[in-house]
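Biologist: I'd like to learn how to read a model like this one, feature by feature. Where do we begin?

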Amino acid sequence: MKYFRKMIEQYIPVTDDEWGDACGMFDIKSVKKGTTVHHAGDVFSEIWFIKSGLARSYLIDMNGKEHTWQLYFRGKSKHGLNHFMDDSVSFYEKTGSMLNFETLEDSVFYVTSLNKLDKFISQKKKWELLTRIWIHNTYYSATYKRVLSLMSETAAQRYARLLEEYPFIFNQVKSYHIASYLGVAPQTLSKLKNESR
């Protein structure tokens, strides 16, 4: 959790006692490769902070095709969006999630319920401030840019954006998952990789 604390202290100061209380909410879960930790259609009720490993969220369209929504791993990135497996829309609207969440390799997570997290956040103004900053920086801003990118940019532009945001992604994620995340065929991704060399 030291890494998590370092991320938080970029925005607010945290005492050792406060950090101890925050850590007390989380359980450590080890999950084997290929495990679906949340199924589409179920209400999402927990937040998963990745300690090690690799996971993804994806949806299946009406034709049975999988589309990767997000990849989760610990690594250098411009923002921390990919560190948290979460579907707050499902939780707060009490509706079944559209997403499945699965591990792509053996992984370890810090996990807590969103109910516990909400209660903790409401105790101090600085936690509420952190939440507002984090929601904007890592969820709203990143998701906003991703959706606009999918709607308006070429495959080459999306590929360049991905490398800018996650420069080491090919060291951690298989190409066919990256292709799905970019919304391109694996052959197109191969071509983009060759052209960028």
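Modeller: With burial: buried means under 20% relative accessible area and exposed over 50%, with partly exposed in between (1.4 Å probe, protein chains only). Before we use that, note that this is a predicted model, where local features need pLDDT of at least 70, side-chain atom pairs count only at pLDDT 80 or more, and totals for chains, interfaces and linings use all residues. Residues are numbered from 1 along each chain as its sequence is written, and side-chain values use heavy atoms, leaving out hydrogens and water.

Biologist: What is the phi of Lys94?

Modeller: The general idea: most residues other than glycine have a negative phi. Lys94 is not a glycine, yet its phi is positive, at about 55°.

Biologist: Now helices. Which residues of α6 are buried?

Modeller: In α6, which covers residues 155-165, the buried ones are Arg158, Tyr159, Leu162 and Glu165. Look down the axis of α6 and these buried residues fall within an arc of 130°, so they line one face of the helix. That arc is taken from the directions from the helix axis to the C-beta atoms.

Biologist: How buried is Leu162, and what is its relative accessibility?

Modeller: Its value is 2%, which is why Leu162 counts as buried.

Biologist: What about Leu150, how many residues separate it from Gly183?

Modeller: They are 33 residues apart in sequence, while their C-alpha atoms are 7.6 Å apart in space. Leu150 belongs to helix α5, and it counts as partly exposed because its relative accessibility is 35%.

Biologist: On to sheets. What is the order of the strands in the sheet that holds β7?

Modeller: Strands of a sheet pair through backbone hydrogen bonds, either parallel or antiparallel. Here pairing needs at least two DSSP bridges between two strands. The sheet is open, its four strands run in the order β2-β7-β4-β5, and the pairing is antiparallel. At its edges are β2 and β5, each pairing on one side only.

Biologist: How many bridges join β2 to β7?

Modeller: Two, with β2 spanning residues 36-38; Thr36 has Glu102 as its bridge partner in β7. On to β4 (residues 54-60), which is joined to β7 by four bridges, with Tyr58 standing opposite Asn100. Then β4 and β5 share seven bridges, and Ile60 stands opposite Glu66 in β5.

Biologist: Which way do the side chains of β7 point?

Modeller: In β7, residues 100-103, Asn100 and Glu102 point one way, Phe101 and Thr103 the other, and all of them are buried.

Biologist: What is the order in the sheet that holds β8?

Modeller: That open sheet has four strands too, ordered β1-β8-β3-β6 with antiparallel pairing. Its edges are β1 (27-31) and β6 (84-85); each has a single partner strand, so one side of each lacks a neighbour in the sheet. Inside, β3 (residues 46-52) and β8 (residues 107-113) run antiparallel, joined by six bridges, and Ile47 stands opposite Thr112.

Biologist: Last one: which residues lie nearest the centre of the largest pocket?

Modeller: A pocket is an open set of points on a 1 Å grid over the protein atoms alone, where a 1.4 Å probe fits, with protein on both sides within 12 Å along at least five of seven lines; lining residues have an atom within 4 Å of a point. The largest pocket is lined by 40 residues, and Asp86, Asp87, Ser88, Ile135 and Tyr139 lie nearest its centre. Elements giving two or more residues to that lining include α1 (2-8), α2 (16-23) and α5 (125-152). The largest share, nine residues, comes from α5.
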